[in-house]
Amino acid sequence: MFEDTLSLVVLIVFGVITLAELLYYFLVIARFSFRRKQQISAMEQVPVSIIIVVQDVASILLKTLPKLLNQQYSKFELVVVDNNSQDETRMLLLEYSHQFSNLKIVDLDSAVTSIRGRKFAISMGIRCASYDHLLFTDAECCPTSSHWLEKMSRNFVSRTSIVLGYSTFEKKRNPFNRLLHFDNMFNAMQFFGHAIIKSAYRGDGKNMAYAKPLFYAQRGFASHNHICYGDEDIFISRASNKNNTAIEYSQDAFTVLQRGAYHKYWLHHKEGLYYTRKFNTLKNRILLNGFDLIHLLFYIVLVIAILLSLKNMLLLTIVLSIAGFRILCQYFIYGFGAKKLNEKQVIPFLLIYDIIFALLNPFYHLSARINQHRFL
């Protein structure tokens, strides 16, 4: 009798957890996955300043600079902030500046600042930019097409002053690379979904745009200059509102990181994003942290429910049916999102990756708390 009662209680708890997770999937993630193809009327192209920060990346710039400078766009400049490079980066930039009049070099060799991370360099790039519309990417990223700038900047219409784009990694045939693509894809679907429901909380600094007046209206990064991270999440969460944020997910508008993302870099980036999450709005903190919690609880309670129901075929059937329905919905929602973001290669192993991150995310949370001194 006791075992049957306990099994029933666990089944009810499992049903509530599954329902909560499905609500988040359909109310947030699915808003992006099932979003209709963007229809944006042709407008006069606004002048744009592309801003990148470089440091000792001469070899990669040989590949990325031509892609950035040869965009099919009427009026733009590339502002390259050289953050005290010690290799041949400076010489390479000077060579390209003789070929491209729209290449502007900002040299920080003699700059003295107590601001850690990229924020000071980005701020200097914004200050030196000629135009009010700014597009940011990484020195090690290549646009997927010569229409990247056009696709991103076409969103600067009406009251829009923030545009969130998608950036990914080079595809390689190894398990870690696919795991990385899955995590990157889900994070993008998540912040795109939040932007659609008028609750943007971050963008990807490797493909993101906003207006210079908005930057100065927020006093730049002044409120969080003491934190290494924040230029792509704290700033966006505070600068965005219900009317000023758009998303761009045309496959011609992606950027691709041209080097492998090793585990140490990835872990540090994940920790940084979890650490800065506490500076977000209460609504987004509840949604994001709540999802991480129920995501983990789904698998924990699923195992418990199966173990308790092994002697009761009816309860076991109900448990497996609930789990199967949730997994089917997840494949359906993620599948459409993966197609939009050209990440279909992760779908066959989606469930495995999902379980891995359900278990890993609490450790990222904990690690961010333990190692918070790294970000201050």
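Helix α10 (residues 282-308) packs against helix α11 (residues 313-340) at an angle of about 155°, and their axes lie 10 Å apart. This comes from a predicted model. Angles over 145 degrees count as roughly antiparallel, and α10 and α11 are therefore roughly antiparallel to each other. The crossing of α10 and α11 is left-handed.

**Three-stranded sheet**

- Strands β5, β10 and β7 form an open sheet of 3 strands, in the order β5-β10-β7 and with mixed pairing.
- The edges of this sheet are β5 (141-143) and β7 (167-169); each has a single partner strand, so one side of each is left without a neighbour in the sheet.
- On average, neighbouring strands of the sheet are turned by 30° against each other, direction ignored.
- β7 and strand β10 (residues 255-257) run parallel and are joined by 3 bridges.
- Across this pairing, T168 stands opposite V256 in β10.
- In a regular strand, side chains alternate between the two faces of the sheet.

**The β2-β3 pair**

- Strand β2 (residues 76-82) pairs with strand β3 (residues 103-107) in the parallel sense, over 5 bridges.
- V79 stands opposite K104 in β3.
- Between β2 and β3 the chain passes through helix α3 (residues 89-99), and this β-α-β crossover is right-handed.

**Cysteines**

- How many disulfides does the structure hold? The number is 0.
- A disulfide is a covalent bond between the sulfur atoms of two cysteines.
- C141 is in no disulfide, and the nearest cysteine sulfur, that of C142, is 7.9 Å away. The cut-off for a disulfide is a pair of cysteine sulfur atoms within 2.5 Å.
- Is C141 buried or exposed? C141 is buried, at a relative accessible area of 0%; the limit for buried is under 20%.
- C128 has a relative accessibility of 27% and so counts as partly exposed, the class between under 20% (buried) and over 50% (exposed).

**Q190 in helix α6**

- Q190 is found in helix α6, which covers residues 175-196.
- With a relative accessible area of 4%, Q190 is buried.
- Q190 and Q72 are 118 residues apart in sequence; in space, C-alpha to C-alpha, Q190 and Q72 are 30 Å apart.

Methods. Residues are numbered from 1 along each chain as its sequence is written. This is a predicted model: local features need pLDDT of at least 70, side-chain atom pairs count only at pLDDT 80 or more; totals for chains, interfaces and linings use all residues. Side-chain values use heavy atoms; hydrogens and water are left out. Two strands pair if DSSP finds at least two bridges between them. Helices (H or I, at least four residues) and strands (E, at least two) are DSSP runs, numbered from the N terminus. Axes are lines fitted to C-alpha atoms, for helices over the stretch in contact, and angles run from 0 to 180 degrees between N-to-C directions. A crossover is right-handed if, with the strands pointing away from the viewer, the path from the first strand over the helix to the second runs clockwise. Buried means under 20% relative accessible area, exposed over 50%, partly exposed in between (1.4 Å probe, protein chains only). Angles under 35 degrees count as roughly parallel, over 145 as roughly antiparallel, 65 to 115 as roughly perpendicular and the rest as oblique. A crossing is left-handed if the near helix is turned anticlockwise from the far one by less than a right angle, and right-handed if clockwise.
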